[in-house]
Amino acid sequence: MILQVSTGGRSGGHAAREACCRSGQQMASLAVGSSSFPTRVYEHSLDLVDWPASEMQKYDVKPEIEAFDLDHIFQAVKMRRDGRLKAPLYVRFARGSGMRYPQTGRASNCMSRR
């Protein structure tokens with residue numbers, strides 16, 4: 001069993017997000033960019049992307065990349081290439097339910113090739 005916690009915007013500020021990494025969890029969610037939903041925008045500044053990623057490396061927590069948009073895949077690959085994330089990447093594709101890309105086989109193929 002893999003224990004995973006959320007470090008998303010609903011978990012609070014830096015202290016709450018760091019606690020998620022220090023608590024002995026094996027995996028934690030990591031948003032690598034902002035997301036637009038039908039009723040709101042979750043804005044993730046560069047600090048809100050890099051800081052949790054560095055805490056996850058510090059505490060040996062595997063990031064679960066939350067891919068709400070194709071740009072999130074490109075950002076995760078860039079972060080792996082420059083050392084902010086360790087390979088292999090673990091990505092959860094958030095599709096449908098008002099997400100920014102359709103829940104189709106063609107969209108899935110495009111996302112998984114990145």
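Buried means under 20% relative accessible area, exposed means over 50%, and partly exposed lies in between, judged with a 1.4 Å probe and protein chains only. By that rule D50, at 25% relative accessibility, counts as partly exposed. This is a predicted model, in which local features need pLDDT of at least 70 and side-chain atom pairs count only at pLDDT 80 or more, while totals for chains, interfaces and linings use all residues. Residues are numbered from 1 along each chain as its sequence is written, and side-chain values use heavy atoms, with hydrogens and water left out.

**View 1. Welcome to the whole protein, with its 4 helices and 6 strands.** Helices (H or I, at least four residues) and strands (E, at least two) are DSSP runs, numbered from the N terminus. The protein has 114 residues, and 37% of them count as buried. Its accessible surface comes to about 6,800 Å², with 51% belonging to carbon and sulfur atoms; such areas come from the Shrake-Rupley method with a 1.4 Å probe, and for residues only the protein chains shown count as cover. A contact means heavy atoms within 4.5 Å. Among contacts between residues at least 6 apart in sequence, 63% join residues at least 24 apart.

**View 2. Here is helix α2, which covers residues 46-58.** This helix has 13 residues and reaches 18 Å from its first C-alpha to its last, close to the 18 Å expected at 1.5 Å a residue. The expected span is 1.5 Å times one less than the number of residues. Look for the buried residues of α2: V49, W51, P52, A53, E55 and M56. After the helix comes D60, whose phi is positive, near 55°.

**View 3. D50 and R84 meet through their side chains in a salt bridge.** A salt bridge is a side-chain nitrogen of Lys or Arg within 4 Å of a carboxyl oxygen of Asp or Glu, and by this rule the count comes to 4. For D50 and R84, the N to O distance is 2.6 Å. D50 lies in helix α2 and R84 in the loop between α3 (70-81) and β6 (90-93), so the pair ties together parts that are 34 residues apart in sequence.

**View 4. Now meet R92, which forms a salt bridge with E64.** The closest N and O atoms of R92 and E64 are 2.9 Å apart. Because R92 lies in strand β6 and E64 in strand β5 (residues 62-67), this pair ties together parts that are 28 residues apart in sequence. R92 counts as partly exposed at 32% relative accessibility, whereas E64 is buried, with a relative accessible area of 6%.

**View 5. E66 is found in strand β5, and its side chain meets that of R92 in a salt bridge.** The N to O distance here is 3.2 Å. With R92 in strand β6 and E66 in strand β5, the pair ties together parts that are 26 residues apart in sequence. E66 counts as buried, at 13% relative accessibility. Elsewhere, salt bridges that share partners join D50, D82 and R84 into one network. Back at E66, and not counting residues up to four places away in sequence, the residues touched are S29, L30, A31, H72 and R92.
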